[in-house]
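Visitor: Please show me the chain. I would like to ask what stands behind the words you use for it.

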Amino acid sequence: MATILPNSQSKNETDSYISRFFKDNKIGTLLNKANVRKEEGISPLLLIQFIFSLVLHGKNLYRILDSGRIQDAPAKDAVYRLLNNPTYNWRKFLVLLSKNVIVTKLLHLVSNNRERVLIFDDSLFSRARSKAVELLALVHDHTTGTYVKGFRMLTLGWSDGNTFIPLAFSLLSSEKKKNRFQEINSSVDKRTVGYKRRKEALKKSTEAMFDLLDEVNPLQLCARTLLFDSWFAFPKVIKRVVSEYPLHVICMLKSMHRVYYLYEGEKYTLNQLYKSVRKKRGRAKILASIVVSLGENAKGDDIQARIIFVRDKNRSKNWLALLSTDLELPEEEVVRLYGKRWDIECFFKVTKSHLRLAKEFQSRSYDALVAHTTIVFTRYIMLALSAREEEDPKTIGQLFYLCCDEMEDIRFAQAIMLIIDLLKSTLSQEPVLSEVRIQSIIDELFSQLPQFLKKAFLDDDKEKITKAA
């Protein structure tokens, strides 16, 4: 991932890029708003910038602090005092940073009719070798189907199809006490934001997701759709999202014996629905589509949704089911939008494999886990911006739009010239009009054109004369 950074071979240039990222996005101001302020010793901004750069330089915090070879390195106590502070609101910092990046750097790069989405998913935050980590629990690993020691990292992100930006997260323990190895540290002040995060960690994921949604404003992020997979696809959750937020839902469904959908006055499970609907013939990718009722929300309004049955490309005899609460959205568009959910899977892969998520520190404090994860997510935001700047020419700013305007003018001028040539050819077929009269009509039409088109025609004629010579 270090190759994403421009000129990343040079340590000085990498440090310069990191400093520019911190300055451009006003990291110090955002930290101050999140109550991350200097109490004693080194400034939190300098400490965070030091920790932030470690992985990008291939360094390890323990070896740097233990070796003493770097004279300007902070003391170990200063680093862990920063990470273990329960009064620092790391979630607020991450939300403020993400919103600033999206609104100021990304929204103007795509047209208004391009769909931006919010994405929910969870991933394993493994601490397999730990025993005394606060709120450590046995959690289910969806990949292996086994229970391992760690946390479920519930993450909310934003995507425009090109760039994924993490917005907020929650490290969830287990709601069942028998699955937890450690409880909440009794010395933590219950008035602090750190204690509130610990209480949130004991909630179900389908409840904690609404705490994350409450932290962001979908309208400000120009997002109209929320994507998640089948682990969260319960009618109760979908109805609450549609009722309480300005969002539509697109999600994958799985067949569950106790989950029913109302279709033509009868209740069906997902398997029963698939058997009852008429399928398209041949090798159609979309097998069937029906509108069902999910039931009434808390206000008594009936919530309807469209279920689309899609052929499983990996197993041709099997099928997948997608649900969309936007009934006006075409079936193909629902499938295309759900494909954007893959961005968060790539995000999890990068943070774990390259940015050392859950591996960089071995702290036992829940606050330190949250602080470390926030710093890792901030690294990813910087790399995502860097990749977008290299790949998207619109990031060069006004120069790009001036070039586009000039190209549009040229194409428009060529189209007008083609019309004039066609008009001249048509008039020449009329026996009544002489060559002189035809030329005078063309000259009069040319004289009425705007100045920028006249210039484009004259430049084109000069080019033709030059080539002929």
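**Terms put to the test**

Guide: In α7, the buried residues are Val193, Gly194, Tyr195, Arg197, Arg198 and Glu200. This is a predicted model, in which local features need pLDDT of at least 70, side-chain atom pairs count only at pLDDT 80 or more, and totals for chains, interfaces and linings use all residues. Residues are numbered from 1 along each chain as its sequence is written, and side-chain values use heavy atoms, with hydrogens and water left out.

Visitor: Why is helix α7 called largely enclosed?

Guide: Buried means under 20% relative accessible area, exposed means over 50%, and partly exposed lies in between (1.4 Å probe, protein chains only). Six of the eight residues of α7 (residues 193–200) are buried, so the helix is largely enclosed by the rest of the structure. Helices (H or I, at least four residues) and strands (E, at least two) are DSSP runs, numbered from the N terminus.

Visitor: Which elements do the buried residues of α7 pack against?

Guide: They pack against α6, β4 (164–172), α8 (205–213) and α13 (366–391). Contact here means heavy atoms within 4.5 Å.

Visitor: What makes α6 and α13 roughly parallel?

Guide: Their packing angle is about 10°, with the axes 10 Å apart. Axes are lines fitted to C-alpha atoms, for helices over the stretch in contact, and angles run from 0 to 180 degrees between N-to-C directions. Under 35 degrees counts as roughly parallel, over 145 as roughly antiparallel, 65 to 115 as roughly perpendicular, and the rest as oblique. α6 and α13 are therefore roughly parallel to each other. From α6, Trp90, Phe93, Leu94, Leu97, Ser98, Val101, Lys105 and Leu106 take part; from α13, Val370, Ala371, Thr374, Phe377, Thr378, Ile381, Leu385 and Arg388. By class, the contact of α6 with α13 has eleven nonpolar, three polar and two charged residues. Nonpolar covers Ala, Val, Leu, Ile, Met, Phe, Trp, Tyr, Cys and Pro; charged covers Asp, Glu, Lys and Arg; the others, Gly among them, are polar.

Visitor: What makes α3 roughly perpendicular to α5?

Guide: Helix α3 (residues 44–56) packs on helix α5 (residues 76–83) at about 100°, with axes 10 Å apart. That angle makes α3 roughly perpendicular to α5. Pro44, Leu47, Ile48 and Ile51 of α3 meet Ala78, Val79, Leu82 and Leu83 of α5. The contact of α3 with α5 has eight nonpolar residues, no polar and no charged ones.

Visitor: How do you know whether Arg91 is buried or exposed?

Guide: Its relative accessible area is 6%, so Arg91 is buried. Arg91 is found in helix α6 (residues 90–106). The side chain of Arg91 reaches the backbone oxygen of Phe169 at 3.1 Å. Beyond four places in sequence, Arg91 touches residues including Arg197, Glu200, Asp211 and Glu215.

Visitor: And Thr351, buried or exposed?

Guide: Thr351 has a relative accessible area of 0%, so Thr351 is buried. Thr351 is in helix α12 (residues 342–353). The Thr351 side chain reaches the backbone oxygen of Phe348 at 3.0 Å.

Visitor: Why is Lys285 called exposed?

Guide: Lys285 is exposed because its relative accessible area is 69%. Lys285 sits in the loop between α10 (270–276) and β9 (286–296). Leaving aside neighbours within four places in sequence, Lys285 is in contact with Phe309, Val310 and Arg311.

Visitor: Why is Cys222 called partly exposed?

Guide: Its relative accessible area is 37%, so Cys222 is partly exposed. Cys222 lies in the loop between α8 and β5 (223–228). Phi of Cys222 is near 60°, a positive value in a residue other than glycine. Most residues other than glycine have a negative phi.

Visitor: Where does pLDDT stay under 50?

Guide: pLDDT, the predictor's confidence in each residue, runs from 0 to 100. It stays under 50 over residues 1–9 and over residues 399–410. Where pLDDT is low, the predicted coordinates should not be read in detail. The protein chain averages a pLDDT of 85, and 81% of the residues score at least 70.

Key: Polar contact = N/O pair within 3.5 Å; in protein donor to acceptor, adjacent residues only side chain to side chain.
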